[in-house]
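Visitor: I would like to learn how to read the features of a protein model. Please take them one at a time, with the rule and then the case.

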Amino acid sequence: ARPRFSSAARRRSGRGGPAYCSRRGGGMSHTRSQLVARAAFAAVAARADRPGADRYKAFAQQFPTLIHTCGLAQATAFALAKGKPKNPGDKPGETLSVLNDLAAVLKQARGYAEATDGGRFHEAVIAAPVGEYLRATRNALLAASWLKRYAEALLPAPAQTPPGTPA
């Protein structure tokens, strides 16, 4: 049997870290925040080269504050209303893309089966009992914060027009 060392002894011996744990058959579990961060990174990285990335970034930066001040139900309703295409053939707006990514991150990282897209997530939120609504709000704030962080880091800055120039 392999002797059990304290973490300080493993560091001194050079056997510390995840590789040592996996050799012992253990394995490291991930925190809730790490799982959400991984899913959020994938969602935002997929948007980096698409048109409208600057509008996505702008709304992703505002969305956690919107959830915090208005509540999850009103924030998702706002994103749905603003992102709805004006004409039947138009593409949905970037606010709906942020909401869809939020739902995808929650489905992948937190196991929300009802979060197949932004619309269904909104329906589940408004139908949820108070306890479930509070849990969904807490998880949505976590996911929206990671989407915001990665949007700031990975997406291009919005184009600035010089003062006095027509937009």
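Visitor: How many aromatic pairs does the structure hold?

Guide: Rings of Phe, Tyr and Trp (its six-membered ring) pair if their centres lie within 6.5 Å; planes under 30 degrees apart count as stacked, over 60 as edge-to-face and the rest as tilted. The structure, a predicted model, holds four such pairs. One of them is F41 with Y150: the ring centres are 5.2 Å apart and the planes stand at 75 degrees, so this pair is edge-to-face. It links distant parts of the chain, with F41 in helix α3 and Y150 in helix α8, 109 residues apart. Another is F59 with F63, whose centres are 5.2 Å apart and whose planes are at 40 degrees, so the pair is tilted.

Visitor: What should I know about the numbering and the limits of the model?

Guide: Residues are numbered from 1 along each chain as its sequence is written. Because the model is predicted, local features need pLDDT of at least 70 and side-chain atom pairs count only at pLDDT 80 or more, while totals for chains, interfaces and linings use all residues; side-chain values use heavy atoms, with hydrogens and water left out.

Visitor: Which residues do ring pairs link into a cluster?

Guide: F41, W146 and Y150 are joined by ring pairs into a cluster.

Visitor: Is F41 buried or partly exposed?

Guide: Buried means under 20% relative accessible area, exposed over 50%, and partly exposed in between (1.4 Å probe, protein chains only). F41 counts as partly exposed because its relative accessibility is 40%. F59 and F63, by contrast, are both buried.

Visitor: How many helices and strands are there?

Guide: Helices (H or I, at least four residues) and strands (E, at least two) are DSSP runs, numbered from the N terminus. The protein has eight helices and zero strands. Of its 167 residues, 32% are buried.

Visitor: Where do F59 and F63 lie?

Guide: An α-helix has 3.6 residues a turn, so residues three or four places apart point the same way. F59 and F63 are both in helix α4, four residues apart, which is about one turn of the helix.

Visitor: What span does α4 reach?

Guide: The expected span of a helix is 1.5 Å times one less than its number of residues. Helix α4 (residues 53-70) has 18 residues and reaches 25 Å from its first C-alpha to its last, close to the 26 Å expected. A bend at a residue is the angle between axes fitted to the seven residues ending there and the seven starting there. α4 bends by about 35 degrees at F63, and a proline, P64, follows within four residues. Just after α4, G71 takes a positive phi of about 100 degrees.

Visitor: What covers the buried residues of α4?

Guide: Contact means heavy atoms within 4.5 Å. The buried residues of α4 include Y56, F59, F63 and P64, and what covers the buried residues includes α3 (32-45), α5 (72-83), α6 (94-110) and α8 (130-154). For α3, the buried residues are V36, A37, A39, A40, A43 and V44, and their cover includes α4, α6 and α8.

Visitor: How many salt bridges does the count come to?

Guide: A salt bridge is a side-chain nitrogen of Lys or Arg within 4 Å of a carboxyl oxygen of Asp or Glu. By this rule there are two. In one, R47 meets D101, with the closest N and O atoms 2.9 Å apart. That pair links distant parts of the chain: R47 is in the loop between α3 and α4, D101 in helix α6, 54 residues apart. R47 and D101 are both buried.

Visitor: Which side chain does R135 meet in a salt bridge?

Guide: R135 meets E132, at 2.7 Å from N to O. Because R135 and E132 are three residues apart in helix α8, about one helical turn separates them. R135 is partly exposed at 32% relative accessibility, and E132 is partly exposed at 28%.

Visitor: Which residues is N139 in contact with, leaving aside its neighbours within four places in sequence?

Guide: N139 contacts R32, L106, R110 and Y112. N139 is in helix α8 and is buried, with a relative accessible area of 3%.
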